[in-house]
Structure formats: C-alpha cells, structure tokens
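Biologist: I'm new to reading protein models. Could you walk me through this one, feature by feature?

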Amino acid sequence: MKDFTPNMKSEAITVVNSTNTAVAAGSGSLPVFGTPMMIALMEEATCNAVAPLLDEGETTVGTKISVTHDKASSTGTTITAFAELVEVDGRKLVFSVSAKDDKGDIIGKGTIERFVVISEKFMKRVNG
C-alpha cells in the first residue's frame with residue numbers, strides 16, 4: 001500500500017435516465033435520480049480518487065456512508081459526483097463527497113469511509 005495523502009480528488013459523471021431513477025432502484029415511485037444511484041456515483045468518485053495508488057491485488061471497500069439527498073433531478077440531467085480524501089488512518093480512508101447537477105446546484109453531500117484491503121484475502125474471508 002502506497003502512502004495516501006489528504007486532498008486527493010476525483011469525480012464521476014452520469015446522466016439521469018430510466019436505469020438510474022428511484023423507480024429503477026426500487027427506492028421510490030418517481031422517475032427522478034435515485035438516492036442509491038447518487039450514492040453509487042459518489043462511491044465511484046472515491047474509488048477513482050485512490051485507484052492510482054493501489055498496489056497490485058489491492059482494492060477498497062466501502063464501510064460507512066453518511067449522505068443527504070437534498071434536491072431531486074429529472075431525467076436528462078447531468079450529475080457529477082465529487083470526492084476528496086480528507087482523512088487517512090492506516091488503511092481507513094475518509095472522503096468528503098458531494099453531487100451537483102448541470103445547473104451547479106448541490107443535490108447531495110456527506111462522507112464515505114473506505115478501507116484498503118487485499119482482494120484475495122478479503123474474498124477468502126467472505127467465502128469462508
């Protein structure tokens with residue numbers, strides 16, 4: 001594992017469509033950007049931020065999410081999730097995350113915690 005330093009940043013982008021709405025996710029009955037999809041986009045941004053520093057065989061896994069979803073987004077809206085590494089404690093990485101629509105309005109924000117793991121060892125524990 002290489003040294004991770006705070007301020008590492010990345011983003012991930014999607015366009016709201018029928019596959020990432022609350023209806024599609026089963027998390028609501030309206031055709032707006034689903035909260036689970038917003039969180040997934042934020043997690044993608046956190047993964048992108050640290051991917052270049054992972055050694056072969058390493059990955060990160062999400063362990064804690066605390067976000068708000070503050071504004072609905074209709075189909076056709078471009079959403080950009082931003083992640084910034086704000087804390088490093090050994091293998092624990094804490095990110096500040098936010099998502100904005102194509103008007104520049106923040107639609108959600110919060111924190112995501114991830115841990116660096118060795119993929120093979122992790123899967124051995126999962127599979128018993």
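**Strands, a charge and a core**

Modeller: Start with strand β2 (residues 58–69) and strand β5 (residues 106–118): they run antiparallel, joined by 11 bridges. Strands here are DSSP runs of E, at least two residues long, and helices are runs of H or I, at least four, numbered from the N terminus; two strands pair if DSSP finds at least two bridges between them. This is a predicted model, where local features need pLDDT of at least 70, side-chain atom pairs count only at pLDDT 80 or more, and totals for chains, interfaces and linings use all residues. Residues are numbered from 1 along each chain as its sequence is written, and side-chain values use heavy atoms, leaving out hydrogens and water.

Biologist: Which residue of β5 is the bridge partner of Thr60?

Modeller: That's Val116. Strand β4 (residues 92–101) also runs antiparallel to β5, with nine bridges; there, Ser98 has Lys109 as its partner.

Biologist: What sits over the ring of Phe82?

Modeller: A charge counts as over a ring if NZ of Lys or CZ of Arg is within 6 Å of the ring centre and within 35 degrees of the ring normal. Here the charged end of Lys100 sits 5.8 Å from the centre of Phe82's ring.

Biologist: And which residues does Val50 touch?

Modeller: In general, nonpolar side chains tend to be buried together in soluble globular proteins. Contact means heavy atoms within 4.5 Å. Skipping residues up to four places away in sequence, Val50 touches Phe4, Met8, Thr60, Leu85, Leu93 and Phe95.
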